[in-house]
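Please keep the structure in view while reading.

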Amino acid sequence: MKQYDVTALGELLIDFTEYGISGQKNPVLEANPGGAPCNVLAMLGKLGKKTAFIGKVGTDMFGDQLENAIKEMGIDARGLKRDEKVHTTLAFVHRKADGDREFSFCRNPGADVMLNESDLEEDLLRSCRIFHFGSLSLTHEICRTATKKAIITAKESGALISFDPNLREPLWESLETAREQILFGLSNCQILKISDNELQWLTGEEDFDCGIAALKQQFDIPLICLSMGKDGSRAYTKEFCAEYPAYVRTDAADTTGAGDTFCACILNYITERGWKEYSKEELTEMLQFSNAAASVITTRKGALRVMPDRSEIEAVIKESENR
């Protein structure tokens, strides 16, 4: 028996999101705790799973805020280290007129990229059922080395490896480096969550099925989950492909964290049903729940502190079925 359902490694940062206009006609920004790996863990915690985080923040007010936030969410924070010289990473999220987002980062460097091998709490890696990571811990050599050591340690303990590319182009020295490191992630995972635009960028294929086929030809990934925004999601295994439409919300306010929420629900399904070759019906059920959860988070500002619980997700599904 493993102590943790999921241990994640990566960035923990402040997402400054727009929150109206001040009396002086200046934009008001809210400092939301964020970072894809911890968003995933926060959602898993809402579903009753035991989680742990490995990462680094600064010895500053934002580092304090983030440490308090993940502890409040029930995430084991023993793996969170503090850097005395480098400040906590900051992200500024701007929502465009079409609903898409633009990101600006203060990360040159940021504390998250200073995570090194000696910072790793290896027992958190050896005692998890699933180890989850993204590409942002592969952007710089120091944290890249730590991430690769973590993957090896988790694999040796028999953990499943989950990967979400979560491409943020401004954070890479070059897109060639981004491609190289994301391909490394693909070569080391059994569970892949990838977005439609990431798939097209990576494979050059406009057709999603063709893009997935290209990945399958190059990598042996047993479960690939594709998020397609308002077009829903798909899941691919060796034998099956399943698809489920999105729960499109008229009250959507912020898509930040929707992909992380979706990813967390995929991992939750695996922890509850066990790791196996799922049937098409099981894949459909998994996608339905994950899409419903992602739809709820789009109605809220931020992500980490406002993840939906199971009853909220099931209410979305029930309401849709009763229409």
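## Aromatic pairs

A search of the whole structure, which is a predicted model, finds 7 aromatic pairs. One of them joins phenylalanine 16 and phenylalanine 92, whose rings are stacked at 4.9 Å centre to centre, with 10 degrees between the planes. Because phenylalanine 16 belongs to strand S2 (residues 13–21) and phenylalanine 92 to strand S6 (residues 90–95), this pair ties together parts that are 76 residues apart in sequence. Phenylalanine 16 counts as buried, at 12% relative accessibility, whereas phenylalanine 92, with a relative accessible area of 29%, is partly exposed.

A second pair is formed by phenylalanine 131 and phenylalanine 133, which counts as stacked because the ring planes lie at 15 degrees, with the centres 6.0 Å apart; both phenylalanine 131 and phenylalanine 133 are buried. Ring pairs also link Phe16, Phe62 and Phe92 into a cluster.

## Charges over rings

Arginine side chains are found over aromatic faces as well. Arginine 168 lies over the face of phenylalanine 103, at 4.4 Å from the ring centre, and the charged end of arginine 179 sits over the ring of tryptophan 201, 4.7 Å from the centre of that ring.

## Salt bridges

Side chains of opposite charge can pair when their charged atoms come close, and the structure holds 22 salt bridges. In one of these, the side chains of arginine 78 and aspartate 123 meet at 3.0 Å, N to O. This pair links distant parts of the chain, since arginine 78 is in strand S5 (residues 76–83) and aspartate 123 is in helix H3 (residues 122–126), 45 residues apart. Arginine 78 counts as partly exposed at 39% relative accessibility, and aspartate 123 counts as partly exposed at 33%.

The salt bridge between aspartate 112 and arginine 107 has its closest N and O atoms 2.6 Å apart, and both of these residues, aspartate 112 and arginine 107, are buried. Another salt bridge brings together the side chains of arginine 234 and glutamate 243, at 3.2 Å, N to O. Here arginine 234 is buried, with a relative accessible area of 16%, while glutamate 243 is partly exposed, with a relative accessible area of 42%. Elsewhere, salt bridges that share partners join Asp64, Glu67, Lys71 and Arg82 into one network.

Helix H2 (residues 61–72) has 12 residues and, at 1.5 Å a residue, should span 16 Å, which agrees with the 17 Å between its end C-alpha atoms. Its buried residues are Phe62, Gly63, Leu66, Glu67, Ala69 and Ile70. An α-helix has 3.6 residues a turn, so residues three or four places apart point the same way.

The face of H2 turned away from the buried side carries the exposed residues Met61 and Glu72. The buried residues of H2 pack against S2, strand S3 (27–34), helix H1 (36–46), strand S4 (51–58), S5 and S6.

## Threonine 153 in helix H4

Threonine 153 has its place in helix H4 (residues 141–156) and counts as buried, at 3% relative accessibility. When its neighbours within four places in sequence are left aside, threonine 153 is in contact with Glu122, Leu125 and Arg126.

## Backbone details in loops

A cis peptide bond, with omega about -5 degrees, joins asparagine 108 and proline 109. Proline 109 is found in the loop between strand S7 (101–106) and H3.

Positive phi values occur in residues other than glycine, including lysine 25, where phi is near 70 degrees, and asparagine 166, where phi is near 45 degrees. Lysine 25 lies in the loop between S2 and S3 and counts as exposed, at 72% relative accessibility. Asparagine 166 lies in the loop between strand S9 (160–164) and helix H5 (175–186) and is buried, with a relative accessible area of 11%.

Terms used
Residues numbered from 1 in each chain as written. Predicted model: local features only at pLDDT ≥ 70, side-chain atom pairs only at ≥ 80, totals over all residues. Heavy atoms only, no water. Phe/Tyr/Trp six-rings, centres within 6.5 Å; stacked < 30°, edge-to-face > 60°. Helix = DSSP H or I, 4+ residues; strand = E, 2+ residues; numbered from the N terminus. Buried < 20%, exposed > 50% of the residue type's maximum accessible area, 1.4 Å probe, protein only. Lys NZ or Arg CZ within 6 Å of the ring centre and 35° of its normal. Salt bridge = Lys/Arg side-chain N within 4 Å of Asp/Glu carboxyl O. Expected span 1.5 Å × (residues − 1). Contact = heavy atoms within 4.5 Å.
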